[in-house]
Amino acid sequence: MRETARGVAARLREVRIRRERSGVWILNVVILVLLAFAAPNFYTLGNIAAVLNDAAILGIGAAGMTVLIIAGAFDLSVTAIMGLAPIVALTVAGDASGLAIVLVSVLTGAALGLVNGLVITRGRVAPFVATLGTLFVFGSIGAIISNGNALPVTNGLILLLGTGAVFDAIPYSFLIMLGVCGLCYVLLRRLHMGRWVRAAGSNLRAAHVSGIDLHLVYLGIFILSGALTGLAGIILTGYLASAVATQAPNYNLNAIAAVVVGGTSLFGGEGTLLGTMLASWLFAVVNNGLILLGVNSYWQYLATGVILVLALALGLLGMGGTLWRRPAAPARE
Amino acid sequence: MKKPGLVGRILAADSAASMLALIAVFVIFSSVNGRFLTGLNIHGIIVSAAISAITGLGMTLIIAMRALDLSVGSIMGFSAIIAAELLAFGWPLWLVIVAGMLVGCGLGLVNGLLIVLLRLPSFIATLATLSMILGGQLLITQGETVPIHNAVFGSLAIGTIGGYLPLAAIIAALIFAVVWVVFHRTPFGRHVAAIGGDVRAAIGAGINVNRVTLGAFTLVGLLAALSGMMVAAELQNADSTIGAGAELTAIAVVVVGGTSLAGGRGNLFGTVCAAVLLASIKAGLNVANVSSLYEDLVFGGILIVALMVDGLRRGNRRRGMLVV
């Protein structure tokens with residue numbers, strides 16, 4: 001009996017808001033309360049569905065980015081994969097069934113992720129610069145295949161994937177995002193792979209010495225990130241009803257921002273998927289809220305930056321740090 | 001041990017990859033197309049290279065400090081827009097240029113303060129300001145293009161001295177000299193490298209890390225502002241597309257130039273070589289009537305190959321280990 005009680009207590013502690021996520025929780029609550037007064041029409045079924053859809057498109061890619069950042073890596077090429085994977089899918093399987101298009105897009109993303117992984121492991125290049133290079137290369141290939149034009153989408157399933165919703169309230173993309181999160185959760189918390197990922201992120205040399213196959217880990221997570229980005233890309237294509245090489249500008253930096261606002265450390269080793277999802281939702285809420293308030297859409301760039309700084313500053317307070325104290329040294333990238 | 005000969009020393013240099021690629025690009029393009037080596041084309045290459053080299057030189061310092069500045073593209077656009085607006089107000093030219101550079105300094109200082117006071121990683125702080133400064137640009141211009149009707153301002157980019165020597169090349173050479181002296185011949189430069197090499201050791205040695213960080217980010221802000229104004233001078237207008245994506249291009253230029261993101265070292269000459277390389281690829285493909293869609297393919301390919309050659313050249317690395 002005692003044991004059970006202790007187990008329950010431990011469970012409750014786990015559920016309690018993690019301190020490094022405090023920033024994203026506080027901002028979410030504050031902004032949602034503010035919107036209730038300032039823009040009551042935010043809380044309509046259709047609008048919530050639109051926000052969930054936006055959040056899902058960012059969240060699916062950001063889930064893969066969370067795994068990468070926990071392992072101490074970045075993928076800057078996701079911006080290009082978001083455009084290239086759907087373009088390849090529509091070019092190769094444009095006349096086939098919707099399912100085939102989605103599959104080709106995901107597989108293309110996985111193949112591009114494999115290229116990233118091979119450059120990093122076999123070519124001995126740091127992930128940041130390796131994916132910076134493939135960002136240029138993949139982006140260029142996407143533009144060349146589509147000749148710089150937008151490829152129109154006529155397939156019903158793809159359009160439904162980007163715009164459809166269950167009961168007009170829960171978008172399919174959001175359900176896919178939940179599935180993706182489940183997958184990444186299992187990978188990070190229930191498989192050996194998760195421990196290897198965290199070990200690689202917290203101390204690469206120690207992980208190597210302890211016999212972890214780092215090449216396998218990095219290949220695996222880059223393929224995962226590529227595949228998820230291919231999936232997010234085809235959903236975005238369905239939403240836009242066309243595929244363009246530059247359809248997701250700054251997706252790489254936005255995904256990294258979502259991961260970091262969610263409380264995952266840039267230094268690797270530890271991170272949370274829930275935080276990343278909350279941050280993706282927060283960014284979508286703010287963009288949507290500003291539109292509902294009738295504010296010039298240019299303010300949303302300003303808002304994104306302010307959220308980034310606020311969430312990190314609040315998270316710092318949540319972790320027991322103080323602002324404004326003269327620090328010994330600035331944080332290092 | 002026998003000292004390596006001239007060829008060996010060149011091959012072992014950190015800027016070897018960019019220099020060899022530059023020579024290869026020049027040989028290929030000039031043999032394929034006679035129009036590559038014409039005065040007009042070379043002039044275009046120099047102007048374009050000067051602009052990306054000036055931002056790249058600042059970024060080299062930041063990367064040598066083991067930091068990153070993602071906001072340089074936004075700073076380029078912001079100061080270009082401020083300069084264009086001030087010219088439209090009728091401010092004198094010299095004051096406009098000074099004001100534009102001060103704006104860049106101010107924005108760079110903000111980056112530094114976010115990093116030093118809030119203890120944010122430079123990547124995050126400058127990612128936030130990238131977005132905020134872009135918002136500021138759009139709010140000022142309302143998405144419109146600000147025209148520039150000032151021929152003298154235009155000469156900042158496309159002007160020549162005596163009809164041959166481009167003014168942009170002189171500006172870039174001047175900046176190179178100043179940054180080289182600052183980096184290699186002043187305590188500040190040594191401190192930048194020391195912080196990049198090992199920040200704990202730097203603190204232990206009594207280096208004021210906060211002050212050096214503020215200084216470096218202010219400097220890169222100033223340089224980004226200057227190159228942003230040169231872009232505006234070349235285009236004869238300013239809008240929020242100036243500098244869009246320039247931060248990643250600048251990082252790529254620095255890396256192709258042989259500076260490692262691991263920090264502690266900076267290769268200013270390599271950065272200039274890589275800037276000329278990027279400009280030559282663009283100009284060469286343009287002259288050869290190849291679609292501009294291929295520019296990034298070639299440049300990205302060179303970036304990856306250069307890095308892989310570098311990774312394999314450093315050799316005797318433990319099997320199965322990664323470079324991060």
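Reply: The contact takes 55 residues from chain A and 53 residues from chain B, two residues being in contact if their C-beta atoms, placed from the backbone, lie within 7 Å. This is a predicted model, in which local features need pLDDT of at least 70 and side-chain atom pairs count only at pLDDT 80 or more, whereas totals for chains, interfaces and linings use all residues. Residues are numbered from 1 along each chain as its sequence is written, while chains are lettered from A and ligands numbered from 1 in the order in which they are written.

On the side of chain A that touches chain B, at least two residues each come from helix H5 (98-121), helix H6 (127-145), helix H10 (204-209), helix H11 (214-240), helix H12 (251-261) and helix H14 (299-318) of chain A; helices (H or I, at least four residues) and strands (E, at least two) are DSSP runs, numbered from the N terminus. H6(A) gives the most to this side, with 15 residues. By class, the side of chain A that touches chain B holds 39 nonpolar, 12 polar and four charged residues, where Ala, Val, Leu, Ile, Met, Phe, Trp, Tyr, Cys and Pro count as nonpolar, Asp, Glu, Lys and Arg as charged, and the others, Gly among them, as polar.

Among the contacts in chain B with a separation of 6 or more, 79% are accounted for by residues 24 or more positions apart.
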